[in-house]
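I opened a new notebook page for this protein. The plan was to go from the whole fold down to single residues.

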Amino acid sequence: MKKASLYVLVFGVVQVGVSLAGVAVLRHFFPDVDAQAPMPLLTMVAVASILLTVLFLAMKWCPVSRNYIRTRPWLSLMWTALLGIGIVLPLTWLGEQLPEAWQENLLGEEFKEMLHSTEGYFIICMLGPLMEEIVFRGALIRALLEWCDKRMPDNRARWTAIVVSALVFSLVHCNPAQMPHAFVVGILLGWLFVKSGSIVPGFIVHWINNSAAYVAVNVFPQLPVDAKLVDYFGGNNMAVAQAVISSLLIALPSLYQLIKKESI
């Protein structure tokens, strides 16, 4: 548990430290620049992501190996990608059924503006997910599994590590609108890591999940960041239901294919 606590502490310190340092630099050298503007925010996110990625790899907290790719898991990765695509709308719909307090978006329009650029896509949809998979799956779940394996049966140990890591993953988002979604997705990402032993499947799902937000923001720029699914479908609730059901017809068979494999 000491390792797991250290990883979470390091993640938090780097994130907060980069934010404070970024604001201090802007105030000293560029007093006319708003620290909440898209480019400064993207720069701070990028710096924190790069620092954490380099640190966790350099310290070997997340071991790097080509063993998974050498198994040529192309079919499994195809099912993983289809699962990632299929869960976007159902999870969004489920999130909209939560109490209003859990749908409050503290990031607001800043997040939307950050996704309006190519740099935003690279940082938020690719660099961010890579860093988070390295930290929360590649390092944190490994440490939790190591601790749990000594104290409980195998299956219980695996699911304890998955759920705890998903809980931490959701809490570090610090945004009510993201936390329930992050918890559910975190469980899926943790399961994919435990079943595959690699962060590659989780990165694919994570990338697709974040890319969906990028597509929504850029295809429907007139809608607010807290728009509901029905707003994207022109106010047609029947269309929303059909889209969610169609997505489940992609997600559930894909999940079944992954479940029945001994490893993916």
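My entries follow, from overall build to local detail.

**Ground rules.** I worked on a predicted model, where local features need pLDDT of at least 70, side-chain atom pairs count only at pLDDT 80 or more, and totals for chains, interfaces and linings use all residues. I numbered residues from 1 along each chain as its sequence is written, and side-chain values use heavy atoms, with hydrogens and water left out.

**Fold.** I looked up the secondary structure first. The protein has eleven helices and zero strands. From the N terminus on, the order reads α-α-α-α-α-α-α-α-α-α-α. Helices here are DSSP runs of H or I with at least four residues, strands are E runs of at least two, and both are numbered from the N terminus.

**Overall size.** Along the principal axes, the C-alpha atoms fill a box of roughly 55 × 50 × 35 Å.

**Burial and surface.** I found that 42% of the 264 residues count as buried. Buried means under 20% relative accessible area, exposed means over 50%, and partly exposed is in between (1.4 Å probe, protein chains only). The protein exposes about 14300 Å², and carbon and sulfur atoms supply 67% of that area. Accessible areas come from the Shrake-Rupley method with a 1.4 Å probe; for residues, only the protein chains shown count as cover.

**Contacts along the chain.** I took contacts between residues at least 6 apart in sequence. Of these, 76% join residues at least 24 apart. Contact means heavy atoms within 4.5 Å.

**Charges.** I noted 18 positive and 17 negative charges, with mean positions 19 Å apart. Lys and Arg count as positive, Asp and Glu as negative; His and the chain ends are not counted. Each charge is placed at NZ of Lys, CZ of Arg, CG of Asp or CD of Glu.

**Core.** Which residues touch the most other members of the largest nonpolar core? They are Leu52, Phe56, Ile87, Phe136, Leu188, Leu192 and Leu258, in a core of 52 residues. Elements that give two or more residues to this core include helix 1 (2-29), helix 6 (118-149) and helix 11 (237-259). Helix 6 supplies the largest share, 14 residues. A nonpolar core is a set of buried Ala, Val, Leu, Ile, Met, Phe, Trp, Tyr and Cys residues joined through side-chain atoms within 4.5 Å.

I then followed Leu192. Not counting residues up to four places away in sequence, Leu192 touches Thr80, Gly197, Ser198, Pro201, Gly202, Val205, Leu258 and Ile264.

**Two loop residues.** I checked backbone angles next. Lys60 has a positive phi of about 60 degrees, although it is not a glycine. Lys60 sits in the loop between helix 2 and helix 3 (67-70). With a relative accessible area of 68%, Lys60 is exposed. Arg72 is not a glycine either, and has a positive phi of about 55 degrees. The loop between helix 3 and helix 4 holds Arg72. Arg72 is exposed, at 64% relative accessible area.

Is Ala157 buried or exposed? Ala157 counts as buried, because its relative accessibility is 0%. Ala157 lies in helix 7. Leaving aside neighbours within four places in sequence, Ala157 is in contact with Leu145, Cys148, Asp149 and Met152.

Leu171 is also in helix 7. Leu171 is partly exposed, with a relative accessible area of 47%. Its C-alpha atom is 8.3 Å from that of Phe183, twelve residues apart along the chain.

Ala241 belongs to helix 11. At 34% relative accessible area, Ala241 is partly exposed. Ala241 and Leu89 are 152 residues apart in sequence, and 9.8 Å separates their C-alpha atoms.
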